[in-house]
Structures are given as structure tokens and as C-alpha cells.
Amino acid sequence: MHMWVSGKNPSSNCLRVLPVIILYDNSGVSARRTRFELNFQPPPIFRSHQPSARMKFPHLLLLLLFAIPAQAQDTVIRAGTIIHPQDGSVSIDQKITVTNGRITAIEDWSGSMDDSVTDLSDRFVMTGLFDAHSHMALVVDKRYDGGNYYVTGLLNPTAYRAVQGVANARNMLESGFTVIRDIGNNGNYADVAIKKGIDEGFIPGPHMETSGRIIAPFGAQFHLQPEKPGLGNPEYFFADGVVEIMKAVRENLHFGATFIKLVIDDQRYIYSVEEIRTAVREAELAGTYVSAHCWTEQGARNAIAAGVRSIEHGPNMPDEVLQMAKDAGVFLVGTEFTTAGLAWADPTADISAFEAEHLQFVDRLRRAYALDLKIVYGSDAVFFDAEKGRAYESFDVLHSWREAGVSNADQLKAMTSTAADLMGMSDERGALAVGLRADIIAMPANPLDDTNALYNIDYVMKDGTVYRHPGSH
Ligand SMILES: [Zn+2]
């Protein structure tokens, strides 16, 4: 059975005005990570016509669209251990009350356990996770692209990539990521379409920040040939000089970017401080910020001097440049690739080359951590594994963080509160606190002991709606 449900909290009576779409298809076996099975209780208007409380329509495809009246009912959760990643503290046996998508109370447990209480008394509970460097609508196909994605981008139209992105977004949410920053490579604004579908309740997915098209010097991250220079579009938005950059930023914002992503330095010619500063100014005038892909030391120096909010990747940053970033308040989203992650797309290549690159990232993270730079978790996961799903690949990046000696508590902080700071949403998300949105996850083992516990997250609430609970997968 495949079922999509949104807008209805299956473990409580919290009702909201949102469309509910249900697809029943008892045709076969579901993939382990994409199955979403719930004992769905139809709302009262349908219950009176149903002989059984549980809807069963074998071999039938049923589409229902209806709105449910809003009611300000509470969801009460009994949480065995709450983890607060912002300071690594815990609180035991707590009662969390959620009203209209927000946390309205956190207090010592009292009262009796009955069916209205979500029982997470044997779980470790925390705020939802962030992946600050993700690409929902990029699935690199290793049949075509060895370590690149140029051909993937040519063969797969935006509509198909949006479909892939829907599956990736759902997998990320059900695995515990309630916020992702989609940082480009989405064809012609697939990221914006996916975000819209999620925000409107048509599809399940994390809250998304979207960069739209990546703005970059001519060629961006591709190596084109002169007869077909246009093939880099729309994957990238080539913009050279302050006038083109100003126009590119404005067009990108117009079409739905919530922040701006620049690729600074993947060609021999790189963005100057003046060019980057133009993008920063235009973004700030519109109330947002710039994130900069920097692979070279000079690229990082230019980006820091120009006032970007974050550096993405940054493998070639000596201590002096890391210190510059810290002094300027720049966040580092380091995308610390594992050797296996780097080798995935190109299994024929010499793995020792990937090992060296991986170790370079680990060393850079270790030094950034020692300098107390604001480090944020970002996976740059771009592959597809039908068995494991996109989130699994994302979590794998934490192997590099453990290797770099980052404590479990600080890994969790980089996946929550520091990420929320980067995205300017600390007053909305990134902590389990009264007044913030109810983005809540839970798991059987303690991630403060070992963040491998995150692979087994089995409860996910976003904005007060439950998308996964123990036993639902
Ligand atoms: Zn990336």
C-alpha cells in the first residue's frame, strides 16, 4: 500500500485546514525507505458512510480531496529524554504540548497516559534536523556522469527532476530532516516548485530554503564546447560583471529564490570581491543573503571580504583564512565528503585520490572546529540509492565529522541551532522551545552517545503534523 497523507496528524486529533490526498494501491511490495503506511482514521464526514473505521479498498485507486475544519486542539507528547543541542543538555520525562503547529508548553510530566498522549517515554527527543547543503532535484546518474553531472542535466528535464525531488524531499523528512537548504542544481527552478508543493500541503517534505539557479562566471561548474555554449543553461545562471550579476540576483529572487548561491571559483577566472559584493548588496536589499561555493583559497578570501553569509565546501582554507571567516562572522558549510561518497559516481577511478580529498576535508573541519568557527552540517548528497534513500547518504557525512573529532553534541548543534542561525530562522526553528514551530524527532538510542543513532529516527513531526511514528515504517 502506498499512501500519501498531509494535513492530518495520524496520532492525535489535531485538525487543520489543508487538502488531504490519499492514494491506495495494493499492487505490490513497497521499497523499504519509501513506504508510508498508517492506520488512517477518516474524518467524521466520511466515517458515517464507512462500515469500518479503517478504510480498505484493495485494487482500487482512490483520490479524495477535502478540507478539514480547523480546531485548536492540543497534541501532548510524553518525552523520555529531551536533548537540547544548543548547549548539549538534557531534560528527563517531559510533557510537550503542541497547539496549532507550535510548541506551547514544555514541563515535567504530569497527568495520566491515555490514547490522546503520544508516548515517546522510551525515546530520545529533539528538534528536527537541518541539512544546509542539499540538492533535492539533482540525482547524478553514474551511468552517464563519472564524478560530474553535466550529462545528467542534459538528459533529465526539469519536470522529471522535480518528481525525483519530491521523492527525495519525502525521504529526507521521514528520516528526520525538517529543514533543508536547497543550494541549486535544480534545472529550471524545480526547487521552487517542490517548496511550493510542500508549503501548500500537497506533498510531504521538509521546510525548504531555495537558491533557485546558481549564479556563476561563464561556464560555472561545466566545461562547455564553443559550438554549444548554451548547454550550461538553465542549470547555471552565467553572470559576469556587476551589471549582469545584479540582474541575475534580481531575476533569481523574482522566480522564487529565498537566498542567493554563487559559485565563485570553478574556472581559471573567478569572481572578484567587487562582483561578489554586488550580489551581497542586492540580496541584502531584498532581505536575504549570499552563500558562496569556494574551492580555492583565493575564492574564499574574496567571498569573506565581500561579506557572504556562508562558505560552502572550502577545502583549501588555511588557518589564517578560517580565522578571517570567524572574524567576519561567516558560517562554514563544509560538506565533508566520505571516501565512499566521492567514489560512488566513478567506481572505475583510483580510490586513493578520493581518500586524499576526503582527508583534506577532515583536516579542514578539525582546524575549523579548533578555531570555534560557526560550522554547519551540509551533506551535498546527490546520488540515489533505492534501498537506502537520500537521507541515508546525507547521514553518512557524519562519519567525516567523527573522524575530525567533533563531539556528538556539537554534531547535533551543527545540524540544528547553528544551522537555524545561518538561515536566519532561530526565532522559528532550530530548538525545542516554547513559541517555536513544532519540529520534533525521536529515536530509540541516545545521539549524544553516538550520532549513528540518527539512522534510526522513528518519529517525525513538522509544524505540528506527524509524518512518521514508531511502527509506521
Ligand atoms: Zn552542492
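Mentor: The count comes to 13 aromatic pairs; the rule takes rings of Phe, Tyr and Trp (for Trp the six-membered ring) whose centres lie within 6.5 Å, and calls planes under 30 degrees apart stacked, over 60 edge-to-face and the rest tilted. This is a predicted model, so local features need pLDDT of at least 70 and side-chain atom pairs count only at pLDDT 80 or more, while totals for chains, interfaces and linings use all residues. Residues are numbered from 1 along each chain as its sequence is written, and side-chain values use heavy atoms, with hydrogens and water left out.

One of the pairs is Tyr 150 with Phe 222, which is edge-to-face at 4.8 Å centre to centre, with 65° between the planes. Tyr 150 belongs to helix α2 (residues 150–155) and Phe 222 to the loop between β8 (214–216) and β9 (236–238), so this pair ties together parts that are 72 residues apart in sequence. Helices (H or I, at least four residues) and strands (E, at least two) are DSSP runs, numbered from the N terminus. Phe 222 is buried, at a relative accessible area of 3%; buried means under 20% relative accessible area, exposed over 50%, and partly exposed in between, with a 1.4 Å probe and protein chains only.

The loop that holds Phe 222 is also the place of Pro 234. A cis peptide bond, with omega about 0°, joins Asn 233 to Pro 234. Most residues other than glycine have a negative phi, and most peptide bonds are trans. Asp 93 is in strand β2 (residues 89–99) and is partly exposed, with a relative accessible area of 29%. Asn 100 is in the loop between β2 and β3 (102–108).

Back to the rings: Phe 177, Tyr 377, Tyr 392, Phe 395, Trp 401 and Tyr 455 make up one aromatic cluster. The charged end of Lys 374 sits over the ring of Phe 331, 4.1 Å from its centre, and that of Lys 95 sits over the ring of Trp 109 at 5.9 Å. The test here is that NZ of Lys or CZ of Arg lies within 6 Å of the ring centre and within 35 degrees of the ring normal.

Next, the metal site. The zinc ion has three protein donors, namely His 133 (NE2), His 135 (NE2) and Asp 380 (OD), at 2.1 to 2.2 Å. Along the chain their spacing reads H-x1-H-x244-D. Donors are N, O and S atoms within 2.8 Å of the metal (3.2 Å for Na, K and Ca), and because water is not among the atoms, sites may look incomplete. His 133 is buried at 1% relative accessible area, and His 135 is buried at 4%.

Asp 380 is also found at the largest pocket, where Phe 337, Leu 342, Asp 380, Val 382 and Phe 383 are the closest to the centre among 41 lining residues. The volume of this pocket is about 1100 Å³. The elements that give two or more residues to its lining are α9 (339–343), α10 (351–370) and α11 (390–396), and α11 gives the most, with four. By type, the lining holds 16 nonpolar, 14 polar and 11 charged residues. Here Ala, Val, Leu, Ile, Met, Phe, Trp, Tyr, Cys and Pro count as nonpolar, Asp, Glu, Lys and Arg as charged, and the others, Gly among them, as polar. As for the method, a pocket is an open set of points on a 1 Å grid over the protein atoms alone, where a 1.4 Å probe fits, with protein on both sides within 12 Å along at least five of seven lines; lining residues have an atom within 4 Å of a point. Points are joined across faces, edges and corners, and the volume is the space filled by probe spheres set on them.

Finally, Ile 194 lies in helix α4 (residues 190–199) and is buried at 2% relative accessibility. Its C-alpha atom is 8.6 Å from that of Met 136, 58 residues apart along the chain.
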